[in-house]
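Please read this briefing beside the sequence and the model.

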Amino acid sequence: MKRRKNLAAGLLACLALIGSPAGLADLYLDVGMTSESAAAARIELDTRPELDFLPAALSLRLATGLLLLQGREGNHNAAWLATPALRWTFGEQRGVFVEGGIGVALFLESRHESRELGSAFQFQDRLALGGPLGPGEVALSLTHYSNGGIRSPNQGFEVLALGYRLPL
């Protein structure tokens, strides 16, 4: 029950991004597969605060949302995510970009498929490559989830996904 309350708190944090000082958040959706061959989907809201001290090509993105994992025999899992990421954009402001971030995830269950995660709390390391497509952006991302060795066992997993970010 406590984990469900934490997941609800994460949803409220998502909604708080919409009213952030940086303006409306962008909607990000992706689908992919885990290293366990399970389907994965992520829905996030993210915002880009204006930081004048960063070079024009470098920006910070703050994201929060949900990761949904399909499991065999009804053993599905979900996590609330919070991820800051740095993005380097090549060329123009809406050009090809690389993005990397280290965030946190709070899972409902500390097991996914054959992997024992050790704890519901996991770190989230994400790398992405993308570019503009229509009014938004498309990105290919690789995300690793692991508890960083803070608790045994630490059998993390990866998600390879294709996503689309739509400005709101």
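T47 stands opposite L62 in β3, where strands are DSSP runs (E, at least two residues), numbered from the N terminus. T47 itself has its place in strand β2. This is a predicted model, in which local features need pLDDT of at least 70 and side-chain atom pairs count only at pLDDT 80 or more, while totals for chains, interfaces and linings use all residues. Residues are numbered from 1 along each chain as its sequence is written, and side-chain values use heavy atoms, with hydrogens and water left out.

**Strands and barrel**

- Strand β2 (residues 39-47) pairs with β3 in the antiparallel sense over 8 bridges, two strands being counted as paired if DSSP finds at least two bridges between them.
- On the pairing of β3 with strand β4 (residues 77-89), 12 bridges join the two, which run antiparallel, and G65 has L81 in β4 as its bridge partner.
- These pairings belong to a closed barrel of 8 strands with antiparallel pairing, which runs β1-β2-β3-β4-β5-β8-β9-β10.
- From one strand to the next the twist averages 25°, taken from axes that are lines fitted to C-alpha atoms, with angles running from 0 to 180 degrees between N-to-C directions.
- Strand β3 (residues 58-69) is mostly covered, since 9 of its 12 residues are buried; buried means under 20% relative accessible area, exposed over 50%, and partly exposed in between, with a 1.4 Å probe and protein chains only.

**D26 and its surroundings**

- D26 is found in strand β1 (residues 26-34), and it counts as buried because its relative accessibility is 16%.
- The side chains of D26 and R61 are joined by a polar contact of 2.6 Å, that is, a pair of N or O atoms within 3.5 Å, of which, within protein, one must be able to donate a hydrogen and the other to accept it, while residues adjacent in sequence count only if both atoms are side-chain atoms.
- Leaving aside residues up to four places away in sequence, D26 touches E44, L45, D46, R61, R165, L166, P167 and L168, where contact means heavy atoms within 4.5 Å.

**The largest pocket**

- The largest pocket has a volume of about 620 Å³, a volume being the space filled by probe spheres set on grid points that are joined across faces, edges and corners.
- A pocket is an open set of points on a 1 Å grid over the protein atoms alone, where a 1.4 Å probe fits, with protein on both sides within 12 Å along at least five of seven lines, and its lining residues have an atom within 4 Å of a point.
- The lining of the largest pocket is made up of 34 residues, of which R48, S59, R61, R87 and Q93 lie nearest its centre.
- The elements that give two or more residues to this lining are β2, β3, β4, β8 (121-133), β9 (136-146) and β10 (157-167), and the largest share, 4 residues, comes from β3.

**Backbone details in loops**

- S152 and P153 are joined by a cis peptide bond with omega of about -10°, and P153 lies in the loop between β9 and β10.
- S37, in the loop between β1 and β2, has a positive phi of about 65° although it is not a glycine, and S37 is exposed, with a relative accessible area of 57%.
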